[in-house]
Amino acid sequence: MMLVIDKPAGLPVHRGPAAKGRIIPVLTDHLDALRFGLPRRPEAAHRLDKDTSGCLVLGRHPRAMAQLNQLFRDGRIGKTYWAVVEGEPAEDEGLIDLPLGKRSPERGWWMKPDPDGLPSQTRYRVLGRGRFNDMATAWLALEPLTGRTHQLRVHCASSFGPIHGDEIYGTAPRDTGPGLHLHAQSVSIPLNPKREPVNVTAPPPPHMHAALAACGWPGGDKLS
């Protein structure tokens, strides 16, 4: 019924307006290779930003897509992201409840905190703290309870500090920055009501290893 792939950072899922007139690789260019005997290629059942890595759920046929789409709409699929933020959260866990709206009509995918915007909620938990590039940093587990565009990026930037490597809501330079330190680390999918959910995890990408290790990620021990 489904595949869960580890999408690389920097790979767009679809060929959107940003790719117009440019030849850049996108995930949909490669989906035919993931048929594994079925007549149709799989399709993405949800979104991940181009610069976000990690777990992406694909439906393998129309019936599967219908079921997965309903599970996402009902909020029954659990998603946990890892992020490294440039800042020091005052609390070790909590709920960010911050409505979001479009920053401008011309850039509809740029968002901002807006009391008249759409309700947006994110649970967070601090997994580690440290210093990286002479900055206080924190390693967070983020659970989006709503699915707004750039929700995690704006919530972090407004509540603690920008996600490391964020060139839109932070200060990272375009094209030469360290890469966005935001990773879809795990998904939990209750495909069958009579069985345990399918749980899938993806290891963090190499560009996040050093910052995570500075915050106490035990995987950093394997780098030496």
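This is a predicted model: local features need pLDDT of at least 70, side-chain atom pairs count only at pLDDT 80 or more; totals for chains, interfaces and linings use all residues.
In soluble globular proteins, nonpolar side chains tend to be buried together. The largest nonpolar core in this model contains 26 residues, and L56, L140, L142 and L182 have the most contacts inside it. Seven elements are named as giving two or more residues to this core: the strands β1 (2–7), β3 (53–59), β4 (78–86), β8 (121–132), β9 (135–144) and β10 (182–189), together with the helix α2 (151–159). Beyond four places in sequence, L56 touches L3, V4, I5, K7, V13, L27, A44, H46 and L48.

**Helix α1**

Helix α1 covers residues 62–73. The buried residues of α1 are A64, M65, L68, L71 and F72. Seen down the helix axis, these buried residues fall within an arc of 130° and therefore line one face of α1. An α-helix has 3.6 residues a turn, so residues three or four places apart point the same way. The buried residues of α1 pack against β1, β2 (43–44), β3, β4 and β10. On the face turned away from the buried side, α1 carries the exposed residues R63 and R73. After α1 comes G75, with a positive phi near 70°.

**Aromatic pairs**

A pair of aromatic rings is described by the distance of the centres and the angle of the planes. The structure holds two such pairs. W82 and W139 are arranged edge-to-face, with 5.2 Å centre to centre and 80° between the planes. This pair links distant parts of the chain, since W82 is in strand β4 and W139 in strand β9, 57 residues apart. W82 counts as buried because its relative accessibility is 13%, under the 20% cut-off. W139 is also buried, with a relative accessible area of 7%.

The rings of Y124 and F160 have centres 4.8 Å apart and planes at 65°, so this pair is edge-to-face as well. Y124 is in strand β8 and F160 in the loop between α2 and β10; the two are 36 residues apart, and the pair links distant parts of the chain. Both Y124 and F160 are buried.

**Loop residues**

| Residue | Relative accessibility | Class |
|---|---|---|
| S120 | 0% | buried |
| T52 | 1% | buried |
| D49 | 26% | partly exposed |
| N133 | 54% | exposed |
| D134 | 71% | exposed |

S120 is in the loop between β7 (111–113) and β8. A polar atom of the S120 side chain lies 3.1 Å from the backbone oxygen of L118. Leaving aside neighbours within four places in sequence, the contacts of S120 are I96, D97, L98, P99, L100, T146, R148, Q151 and H155.

T52 belongs to the loop between β2 and β3. With neighbours up to four places away in sequence not counted, T52 touches K7, P8, A9, Y81, L180, L182, H183 and A184. One of these residues, P8, is 44 residues from T52 in sequence, with the C-alpha atoms 7.6 Å apart in space.

D49 is placed in the loop between β2 and β3. Aside from its neighbours within four places in sequence, D49 is in contact with K7, H150 and R153. D49 and N192 are 143 residues apart in sequence and 28 Å apart in space, C-alpha to C-alpha.

Most residues other than glycine have a negative phi, and most peptide bonds are trans. N133, in the loop between β8 and β9, has a positive phi of about 55° although it is not a glycine. D134 is found in the loop between β8 and β9, and its phi is positive too, near 65°, in a residue other than glycine.

Definitions and conventions. Residues are numbered from 1 along each chain as its sequence is written. Side-chain values use heavy atoms; hydrogens and water are left out. A nonpolar core is a set of buried Ala, Val, Leu, Ile, Met, Phe, Trp, Tyr and Cys residues joined through side-chain atoms within 4.5 Å. Buried means under 20% relative accessible area, exposed over 50%, partly exposed in between (1.4 Å probe, protein chains only). Helices (H or I, at least four residues) and strands (E, at least two) are DSSP runs, numbered from the N terminus. Contact means heavy atoms within 4.5 Å. The expected span of a helix is 1.5 Å times one less than its number of residues. The arc is that of the directions from the helix axis to the C-beta atoms. Rings of Phe, Tyr and Trp (its six-membered ring) pair if their centres lie within 6.5 Å; planes under 30 degrees apart count as stacked, over 60 as edge-to-face and the rest as tilted. A polar contact is a pair of N or O atoms within 3.5 Å; within protein, one must be able to donate a hydrogen and the other to accept it, and residues adjacent in sequence count only if both atoms are side-chain atoms.
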